[in-house]
Amino acid sequence: MQPADTSNAIKLIPASQFSIEQLAAIYNQTRVDYMVPMPMNAARLADYVATYDVKLEHSLVAATQDGEMLGVIMLGIRKDRAWITRLGVLPNTRRGGIGKALFSGLIEQAAQLDINFHMLEVIKNNTPAHQLFLKFDFHEVGELLVLRRSPLTQPQAPIIADAQRLDRSESLILVGHDRGTQPWTNQSESLINANEVSGLMLTLADGSRGWLVYQRQKFLLTRFAYKTEVGDPATVAYALLSHLHHQYPRLDTQIENIQVNDPHLPAFYQMGYIESFRRIEMWHGTPPSSLTGIKNAE
């Protein structure tokens, strides 16, 4: 027997009408049985909202007519593009049309802002969510890796190079340079919005050169952006990582949404990173020139 469609019995309410504590609570309740739960407290959710330009006034909560929260979905907005994230429905109310109603409502929110290009990521093998997005004409554009390196990993001596530490302002200048099309979490705005951003730039003896920008949290290195300007990407990346982890030997490291065809990737594995899980990146509409790196005519 198919579950009854309960979507007509719910109302969609702007997420801004709820406290950040309420939003964190409903999000966690929707993820208790999720493939990768990723629980959040209020502080972490507030940081997520600020870093990724989530607009709570355009994000939605599904609720019963009596006000019981059933699900949530959030919308990030940057200029001419939108990001759909944090979709979750309480386990005992799934397959009743609530997820579809939330998703459709969020697309309408973006349309009201004249934004017709949407991005999202779905965890690989999360078939119900993947199928929902396909029904809304989203298409796959790539596969993304989430990697982690434990501070217990065998340390490596830093590669001999002319290395320079970069402060926040110097680092943010670099992330504005063309790095190709990036997932939402790795776009320049995400680093600009983050706290405690620093960087490294180095030149090897053969003239190879590149840079790495990162966020240092209390116990964690995260949010990497990097580019090889001259030389082999894997060689340059390994040198950068060797200096980074020599500088912060006791910090855990987690980086998200590294494209599977990234030429720097072999260096991460060589440095002891392991794959946590994979996501599928999906788009709807035509990517704007500001995303693809094409110069605007203005």
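The following paragraphs describe the overall fold of the chain and the surroundings of selected residues.

The structure is a predicted model, in which local features require pLDDT of at least 70 and side-chain atom pairs count only at pLDDT 80 or more, while totals for chains, interfaces and linings use all residues. Residues are numbered from 1 along each chain as its sequence is written, and side-chain values use heavy atoms, with hydrogens and water left out.

The chain contains nine helices and 12 strands, these being DSSP runs numbered from the N terminus (helices: H or I, at least four residues; strands: E, at least two). Its radius of gyration is 20 Å, close to the 19 Å given by the globule rule for 298 residues, and the chain is therefore as compact as a globular protein of that length. The radius is taken over C-alpha atoms, and the rule is 2.2 Å times the number of residues to the power 0.38. Along the principal axes, the C-alpha atoms fill a box of roughly 65 × 50 × 35 Å.

Of the 298 residues, 51% count as buried (buried, under 20% relative accessible area; exposed, over 50%; partly exposed, in between; 1.4 Å probe, protein chains only). The accessible surface of the chain comes to about 14400 Å², and carbon and sulfur atoms account for 51% of this area; the areas come from the Shrake-Rupley method with a 1.4 Å probe, and for residues only the protein chains shown count as cover. Among contacts (heavy atoms within 4.5 Å) between residues at least 6 apart in sequence, 72% join residues at least 24 apart.

Threonine 228 lies in strand 10 (residues 220-230) and is buried, with a relative accessible area of 16%. Its side chain forms a polar contact of 2.9 Å with that of histidine 264. A polar contact is a pair of N or O atoms within 3.5 Å; within protein, one must be able to donate a hydrogen and the other to accept it, and residues adjacent in sequence count only if both atoms are side-chain atoms. Beyond its neighbours within four places in sequence, threonine 228 contacts Arg209, Gly210, Pro233, Val236 and His264. Arginine 209 belongs to strand 9 (residues 209-216) and is partly exposed, at 30% relative accessible area. Although 19 residues separate arginine 209 and threonine 228 in sequence, their C-alpha atoms are 6.2 Å apart in space. With neighbours within four places in sequence left aside, the contacts of arginine 209 include Thr228, Glu229 and Val230, as well as Val236.

Strand 10 also contains arginine 223, a residue other than glycine whose phi has a positive value near 50°. Arginine 223 is buried, with a relative accessible area of 11%. A positive phi, of about 70°, likewise occurs at aspartate 137, which is not a glycine. Aspartate 137 is located in the loop between helix 4 (127-135) and strand 6 (139-149) and is exposed, with a relative accessible area of 58%.

Histidine 245 is situated in helix 7 (residues 233-247) and is buried, with a relative accessible area of 7%. The side chains of histidine 245 and tyrosine 273 are joined by a polar contact of 2.7 Å. When residues up to four places away in sequence are not counted, histidine 245 touches Arg149, Leu221, Thr253, Met271 and Tyr273.
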